[in-house]
Amino acid sequence: MIWNETKECMDRDQIKHMQGIRLRKLVERIYHNVPYYRKKMQKLGIEPWDINGVEDIEKLPFTTKEDLRDNYPFDLFAIPMSEVIRLHASSGTTGKATVVGYSRRDIDIWKECVTRVLAMAGIGKDDKIQVSYGYGLFTGGLGLHYGAENLGATVVPMSTSNTKKQITMMEDFECTSVACTPSYLLHLIEEIKGKGDLDKVKLKSAICGGEPWTANMRDNIEESLGIKAYDIYGLSEIMGPGVAADCYYHKGLHIYEDHFLPEIVDTETLKQVPEGEQGELVITTLTKEAFPLIRYRTKDLTSISYDRCDCGRTFARISRFTGRSDDMLVIRGVNVFPSQVESALLELGETKPYYLIIVDRIDNMDTFEVWVEVDEKFFSDEIRELEKLRQKIAHGLKQALGLTVKVKLVEPKTIERTSGKSTRVIDKRVLV
Ligand code: DLL
């Protein structure tokens, strides 16, 4: 079913024209309502009327996660707080979270985008969708939830964790779709297979995203369950899930260009690269009211194609992501920057400035271990003292990252010193 053919199948000239009008309005709005953007534009000598269409986008400055941190929590909001009806947040590069606000219209547009994604995956009113993304400040749970309700499907709001209960609900309620990270779905599949209960699962589709995954992981999911697994992309800074998603043909993710203007730029020169070439995805939010972003550097690496898809949709498609241009890790759907670990350790004290993060994937679940060097005296003290310190650090890291962390305390000079850039992370997950 194509839910919104008129919007998703416009011809390219129409799309460009509409984006131009929306971009002009956006620039005017942020110039007048967000002092930070106004100053940035004035510094570059740009006035709102210099932006007449999408071809002028490169005149505008980029926005980065650091800009969001510098304006924490609300200084980039473009409407009064009385008009903001929801806040979400995700990890910042250090202690401070990235905060996002939504007006009522922003929430409606978000709902519509997710509804399109689900409709594109063939989900309708007769389906029951189990939402196993986290509910709360993370955008996954509520994003999928409202989109599915808007479509008229029956939502089972499971959120994360409690695998046994997840499986019971999936089987007893005869859910026909599930929305969760691909690695968690693989974990669920292993558990269900282990019980010999695969025939009790009535799924027809899965909506997977929130973390990088490979074509092999998708094949594994599709073949194990005999379903279609769709890729959904998004980031909280821009909106949440539903910025882009793939269709039945799995030939790239359609980006909702009526709301998001994509560019692919070279990570060194920051100039746009030609269609089909790899670079960093940069997004301008064309319609957002509360928290508009111009040229936001997502750090996600991909390429773009403007050809009409086999499904008939004309919105540009971005290819499966090949990685990130920064050091952000996605652990069980949670974003973690090594710098967050560093600042949490610094705050706790009692450790040396040497740590090593070891990431692995065991039984399709990500594991996150941190080795921390501590003073020799802890090793000569009673073992109880060492264990107390280990627990304190594990607790502190859990608070800071929102993630269970296995901590190993090691003696000074255990962690390899290098003359160049030190290796803070060993990621053993081979995404195959
Ligand atoms: O992960 C929003 C989301 C929730 C998307 C549920 C899809 C499903 P953040 O926590 O801000 O938001 O993390 C965003 O996760 O910049 C990518 O690096 C990564 N990511 C998200 N979806 C995909 C995907 C949500 N389909 C960051 N493929 C992004 C690869 C993805 N990476």
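A pocket, found on a 1 Å grid over the protein atoms alone, is an open set of points with protein on both sides within 12 Å along at least five of seven lines, and its lining residues have an atom within 4 Å of a point. This is a predicted model, where local features need pLDDT of at least 70, side-chain atom pairs count only at pLDDT 80 or more, and totals for chains, interfaces and linings use all residues. Residues are numbered from 1 along each chain as its sequence is written, and side-chain values use heavy atoms, leaving out hydrogens and water.

**View 1. The second largest pocket has 16 lining residues.** Val54, Leu261, Pro262, Gln272 and Tyr306 lie nearest its centre. Strand β10 (260–265) and helix α2 (12–33) each give two or more residues to this lining, and β10 gives the most, with four. Helices (H or I, at least four residues) and strands (E, at least two) are DSSP runs, numbered from the N terminus.

**View 2. Nine strands make an open, mixed sheet.** Follow the order β4-β3-β5-β6-β7-β8-β9-β14-β13. Strands pair if DSSP finds at least two bridges between them. β4 (154–157) and β13 (304–305) each have a single partner strand, so one side of each has no neighbour in the sheet.

**View 3. β6 (205–209) and β7 (228–235) run parallel, joined by five bridges.** Look for cysteine 208, whose bridge partner in β7 is aspartate 231.

**View 4. Helix α6 (139–151) is largely enclosed, because ten of its 13 residues are buried.** Buried means under 20% relative accessible area (1.4 Å probe, protein chains only). Among the buried residues are Thr139, His145 and Leu151. Glycine 152 follows α6, with a positive phi near 100°.

Definitions and conventions: Buried < 20%, exposed > 50% of the residue type's maximum accessible area, 1.4 Å probe, protein only. 1 Å grid on protein atoms, 1.4 Å probe; cavity = no way out; pocket = protein on both sides within 12 Å on 5 of 7 lines; lining within 4 Å.
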